[in-house]
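Dear colleague,

I am passing on the structure below, and my notes on it follow. Please read them alongside the coordinates.

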Amino acid sequence: MASLSGGSSLSLFVRDRGDRNDAAFAKKLFVKLAKPVRFSRNQVSYGSSKLKSFGVGVVRASAEVVVEEAVVDKEEKRRILRVGVICGGPSAERGISLNSARSVLDHIQGEDLCVSCYYIDCDLNAYAISSAQVYSNTPADFDFKLESLAQGFQSLSEFAEHLAASVDIVFPVIHGRFGEDGGIQVLLERYNVPFIGTGSNECRQAFDKYDASLGLSKHGFVTIPSFLVQGTEVNEPELSKWFARNQLDFNSGKVVVKPTRAGSSIGVTVGYGVADSLQKAKEIISKGIDDRVLIELFLEGGSEFTAIVLDVGSGFDCHPVVLLPTEVELQFHGSGDVKEKDAIFNYRRKYLPTQQVAYHTPPRFPVDVIESIHEGASLLFQRLGLRDFARIDGWFLPSLTNFLSSSENKFGKTESGTILFTDINLISGMEQTSFLFQQASKVGFSHSNILRSIIHRACLRFSKLATYSSKSSHVPRRLRSSKPTDTSKQLQGIRKVFVIFGGDTSERQVSLMSGTNVWLNLLAFDDLDVTPCLLASRIDHSSGADSAKNDSDVSSRAVWSLPYSLVLRHTTEEVLDACLEAIEPAQAALTSHLRDQVMNDLMEGLKKQSWFRGFDIADEHPMRFSLNEWIKLAKEVQATVFIAVHGGIGEDGTLQSLLEAEGVPYTGPGVMASKICMDKVATSLALNHLVDRGVLTINKEVKQKEDLFKMPIVPIWDGLLSKLQCETLCVKPARDGCSTGVARLCSAEDLAVYVKALKDCLLRIPPNSFSKAHGMIEMPNPPPEVLIFEPFVETDDIVILSTSTNGNAQRLKWKGQSRWVEVTVGVIGKRGMMHSLSPSITVKETGDILSLEEKFQGGTGINLTPPPTSIISNEALEQCERRIELIANTLQLEGFSRIDAFVNVDSGEVLVIEVNTVPGMTPSTVLIHQALAEQPPMYPHRFFRTLLDLASERVIEN
């Protein structure tokens, strides 16, 4: 008998003894890779005719799916460029590498390019992988599936020989070691495989921060004074002399301590005094991050910047152009948990959404400083022998900063201050919102156009590929105006789409990621005109008024239609600030002037290239509407609204009701279904009658927040345990999105910590605040008025074990004592005919509850889609899917939703946790994996297009 924690039993619920005998579909956990397949993003059929009605069951993957190489004639082969994308690598940045590979794959596919994907693991073993596997969300996910999924190579030499025979050019997207240190480059050079980017010798020189600093100084650039700690050679007297030379206090002088060869941000920390600095250097060495550590001055009063350099020359003639630099501003908002000593642009601040960083493109520097950055970065690119593209980081120190009189005659001194170049990134990050795409979009390049320009430029260095660039038939289409008021295309059969995201719930940053992903994928379709739109917070920054005081008037909330470049930000606050900055007249004029300068510099080189067909991003400004005005505009231009607002009015039926009142079609379930699913108690009540059909719900106890504040904690705790007949509780907001505010409580003390977090309006509960280990818990803002307490359902941990010395062969270990596992399942289709995608199990790395990062940001965990038969049989899984469809149809879901549940691995009974009507749609969400597990696979752009089409068809029927 399955049990809840504390000894309570699932016999509390009535079990279904009449299991259906529907034939189980044959399933396979992994798709075996044969040869790479070429497809055009706008031409390939993904079985959409079968998926259109969802009234008929969608055919599932057979036991083995083999990807076959497309048959092409000789003429077609001559005009198709075969590109090999290599990702992964041994560094701690390999998770970012996977995100970059996803982005490259999404944006370079086309009729004239055939893309093959490859992966390097942490032990430098090489694998050929399918394009579907690129969408695995984490390095752990990749590594676990390699044995079953990928075609492994016996050695790097065999891998290089394969590349020489199978691809025309390699696009390395490995960040850090083996990607930027010359490792992959020397391998490709040895086997004469053309590749994009800088050569091996130049990579080695530029990647090592100490060697690069010496090189910069040699070439006449101002550099930061530094001290090298190497291996076990720790010379404290010499470091003390260095502190003295640089006028630093021996005990408290602030310095930056960082590995010389670990890529950007990895292992970077701040040291105080000689002893502390040496200790932190030793820690970097002992952890195996690097055996060479750099100690350098902490630049007080300076501003950090980063600049993308694009080479638009021909052949071996270098013509570097620096795009609009980005200023990196650290912001702390008076937060007590962020200390001044931690004020560095570290890994988390660079790659995960955080309000501790703001970006300004162009930077808020004097014009002469921006011009010097352009001149200096271009000169550096040439003198260090870099190729194709790079990202160069540095600092601007105002003139009032007293910085080294010895640097007077070096490049970097301006009337306004000093410019220092500090880090050279030879393979810049290529995530959807990376600096590469932010800066490129500011000067007229879409994601696809900048990536293809880099590829074409690289081809010109190789005689056998130069003809490809001159004869390429690809024409980047000029993106239609992002202005939502533009109706000029309606007569040409172009459909308007508004993608809305943002809001003010704790899930708003995930919403931004979801909306950005949806928008970029829908841009692949020539018959769509897609406008990204930000639902602003209830605090109206443009007027300074706090509209939360009049929260009942939802229709007055602000919605911004966004130009291309303003979407590419990490937080909704940053997007809004960028909107306000963009409409400020003086700033708008300066940005336009700088943009024109860069575009003119680019055209000096690009006008000589036959492959360049023009820029495809217009220089536009954001537009502000009230929500009511925006909805009326959607009606006027006959737009379909794609809802990507998680929680709040995006998921509780409010936005849906406003759209329905104006007859505007939208994605996802209707008003009533949204209201019911947002309220977890109402969801349980709506499903209670299905207990005899194997659908179970968890007993709940509802508490008002104010009652928790007023009453003593111990009586509340004892009363909850008595009513729910358990010893461990799960607490969650009654009406908020998944993961937000969800915690496991094992004692009255844990409850007291949670209640205090509510009372103090904490935005997050720090890791391990409760008696049982857990990760960071994001909290709703403002705190929820109503909370739900449930018995915590105990499931057995699923553990990944290595079965080989190199760690590549892995297996699952699962005790299976409770017989219950947690799954998440996407459902898609029309009302009453919803179809269950294949369930997923995510193996958590820490704690009992998946965090927002684990679910949506590709941070941790291993995703199993579908669950392996060693955990749940095909028959039980089939029963589970039928019950998931029953749940979806009972709740009158339509379009797309996600159901989280516990499943009995023997009977397929389903114990419902919650239903999300606007689920996460980020690049790494497991729902993308589930769509790819369909047969034929639904790649992201086709998946989102299907959801959009379902929205339009629903309204037509009404």
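Helices (H or I, at least four residues) and strands (E, at least two) are DSSP runs, numbered from the N terminus.

This is a predicted model, in which local features need pLDDT of at least 70 and side-chain atom pairs count only at pLDDT 80 or more, while totals for chains, interfaces and linings use all residues. Residues are numbered from 1 along each chain as its sequence is written, and side-chain values use heavy atoms, with hydrogens and water left out.

Strand β17 (residues 495–502) runs parallel to β18 and is joined to it by eight bridges, with L534 of β18 as the bridge partner of F501.

Both faces of β18 are covered, L528, V530, P532 and L534 being buried on one side and D529, T531, C533 and L535 on the other; buried means under 20% relative accessible area, exposed over 50%, and partly exposed in between (1.4 Å probe, protein chains only).

Elsewhere, helix α13 (residues 435–442) is also mostly covered, with eight of its eight residues buried, and just after α13, G444 takes a positive phi of about 105°. T591, which lies in helix α19 (residues 585–606), counts as buried because its relative accessibility is 16%.

Best regards

Definitions and conventions. Two strands pair if DSSP finds at least two bridges between them.
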